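I am opening a notebook page on this structure.

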Amino acid sequence: MGDLLIRNIEDGLKRQLQDSARRHGRSLSDEAILQIRKALAMRATDGRKPGDRLQELIGGAQFSSDEIAAMESFRKETGREPPAFE
């Protein structure tokens, strides 16, 4: 792996990166790498947000009033098991 030296970074930007690294328990270098990866991945999707891309995929499809009511009642149900993401 190679090294990258970034010169003349603004103090405010460096502080933001340091704060983010501290919040996430990462080193400054690891945080910078992650942020660069995120920025490049976003650019690879033409800057569109995931929700916008999803809407493009499903087109004008929408949930019916009955479907929305069923989701709302299920969501507010007490004592239900949380979803399992396996």
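I started with Glu31 and Arg26, whose side chains meet in a salt bridge at 2.6 Å, N to O. I count a salt bridge when a side-chain nitrogen of Lys or Arg is within 4 Å of a carboxyl oxygen of Asp or Glu. The model is predicted: local features need pLDDT of at least 70, side-chain atom pairs count only at pLDDT 80 or more, and totals for chains, interfaces and linings use all residues. Residues are numbered from 1 along each chain as its sequence is written, and side-chain values use heavy atoms, with hydrogens and water left out.

Next I looked up cover for this pair. Glu31 is buried, at 0% relative accessible area. Arg26 is partly exposed, at 31%. My classes are buried under 20% relative accessible area, exposed over 50%, and partly exposed in between (1.4 Å probe, protein chains only).

How many salt bridges does the structure hold? I find 4. Side chains of opposite charge can pair when their charged atoms come close.

**Pairs within helices**

I went on to Arg22 and Asp19, which form a salt bridge at 3.0 Å, N to O. Both sit in helix α1 (residues 11–24), 3 residues apart, or about one turn of the helix. Helices are DSSP runs (H or I, at least four residues), numbered from the N terminus. Arg22 counts as exposed because its relative accessibility is 60%. Asp19, at 35%, counts as partly exposed.

I then checked Arg75 and Glu72, a salt bridge at 3.1 Å, N to O. They are 3 residues apart in helix α4 (residues 65–75), so about one helical turn separates them. Glu72 is partly exposed at 33% relative accessible area. I also noted a network of salt bridges that links Glu72, Arg75 and Lys76.

**A positive phi**

I looked up Asn8 for its backbone. Its phi is near 60°, a positive value in a residue other than glycine. Most residues other than glycine have a negative phi. Asn8 lies in the segment before α1. Asn8 is exposed, with 78% relative accessible area.

**Nonpolar patch**

Which residues make the nonpolar surface patch of about 570 Å²? I list Leu4, Ile6, Ile9, Leu13, Ile36 and Leu40. Patch residues have over 30% relative accessible area and no salt bridge; like charges are joined within 9 Å, nonpolar side chains (Val, Leu, Ile, Met, Phe, Trp, Tyr) within 5 Å. Areas come from the Shrake-Rupley method with a 1.4 Å probe. Ile36 belongs to helix α2 (residues 28–44). Ile36 is partly exposed, at 39%.

Key: Helix = DSSP H or I, 4+ residues; strand = E, 2+ residues; numbered from the N terminus.
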